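Reader: Could you walk me through how the strands and helices are arranged in this one?

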Amino acid sequence: MPDLNGMMLFSAVVRAKSFSQAARETGIPKSTISRKVAQLEEQLGVRLLQRDTRNLSLTQVGVLFYQHCASIRDEIEAAKATIENTHNHVSGSLRVAIPVSFSQELIANLCSSFMRLYPNVELDIQFTDNDVGLVGEGYDIAIKYGPLQSSDLVARLLLERQPILVASPTYLKLNGTPATPQELMEHRGILLGTSRSAPIWPLGKGTRKTMVSFQRKVRVNSAVMVKQLVQDDFGIAMLSNAVCKNELANGTLIPLLQEWPIEPIKVYGVYSSRRQLATNISVFLDFFTKRFNSHESLQSLMI
């Protein structure tokens, strides 16, 4: 397959009518352009340009090939313009409520990248675990954990994370390893949640689901702090596998009761049905989903 960069440089030479002028217009050294065009001719097995000390002209096959190169260049420019126009025409303000348990560093990076892509959008980001009212409190989007109550709001599934029970090897050595959900009642638990969260873990799925209580040692709404307290041997916790992937791999955290798989944690983007066609909401949720489902985000999402 011909090199696309070589094709574009060949097209630039033809439009400029000389290698020197093409170099000035593209900012690429003349020697580089000459080498790329020669490599392109070698790949194709034909001569595209006739060169002498004064003149530069296209061969017959060069004329046909240039027409295709020019067409490809026009398509590339059109695609680029479409993206630029889309980004520039997305405008307005967005007020977004995000749970406190999300990584604030990651959200900051996400918002920076979003605003570079969509410079005409003004963001208002609020970290809160309150059940905010989208209309009454002026929010455009609320990021929420599921399951959600049915309402006239639109809920878009953004991502899922698999929760697991974990403990440190030292804690298990001192207190024993629970073999059944019922045995968790004898253990200390570190609860990831708000002040209203009860010391209960939902284990299992479907018809094999059970709600297990435990002795709450501490409750905190930061997964980073919960993970640290577990590693410091204070008790058992339920965290997403993304949060403790590295610790599970190196053995500093041990998974528990894996025969009781837990329902995935689901995160939704919720917005008013009256605004479901708003472009700024759509592009923000698209960007949010892609960013958090990237490899880097899997390691950084603090839920």
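Author: What follows goes through a sheet, the helices on it, a helix pair and a further set of strands. This is a predicted model, in which local features need pLDDT of at least 70 and side-chain atom pairs count only at pLDDT 80 or more, while totals for chains, interfaces and linings use all residues. Residues are numbered from 1 along each chain as its sequence is written, and side-chain values use heavy atoms, with hydrogens and water left out.

Reader: What is the strand order in the open sheet of 5 strands?

Author: The order is β4-β3-β5-β14-β6, and the pairing is mixed. Strands (E, at least two residues) and helices (H or I, at least four) are DSSP runs numbered from the N terminus, and two strands pair if DSSP finds at least two bridges between them.

Reader: Which are the edge strands?

Author: They are β4 (121-127) and β6 (153-161), each of which pairs on one side only. Direction ignored, neighbouring strands of this sheet are turned by 20 degrees against each other on average; axes here are lines fitted to C-alpha atoms, for helices over the stretch in contact, and angles run from 0 to 180 degrees between N-to-C directions.

Reader: How many bridges join β3 to β4?

Author: There are 7 bridges between β3 (residues 92-98) and β4, and these strands run parallel. Ser 93, for instance, has Glu 122 in β4 as its bridge partner.

Reader: Switching topic, at what angle do α2 and α3 pack?

Author: Helix α2 (residues 19-26) and helix α3 (residues 30-44) pack at about 115 degrees, with their axes 9 Å apart. They therefore count as roughly perpendicular to each other, a class that covers 65 to 115 degrees, whereas angles under 35 are roughly parallel, those over 145 roughly antiparallel and the rest oblique.

Reader: Which residues meet there?

Author: Phe 19, Ser 20, Ala 22, Ala 23 and Thr 26 in α2 meet Lys 30, Ile 33, Ser 34 and Val 37 in α3.

Reader: Last one: which strands are joined to β8 by bridges?

Author: Strand β8 (residues 188-192) is joined by 5 bridges to β11 (residues 215-220), running parallel, and Arg 188 has Gln 215 as its partner in β11. Another 2 bridges join β8 to β12 (residues 236-240), also parallel, where Ile 190 stands opposite Ala 237.

Terms used. Contact = heavy atoms within 4.5 Å.
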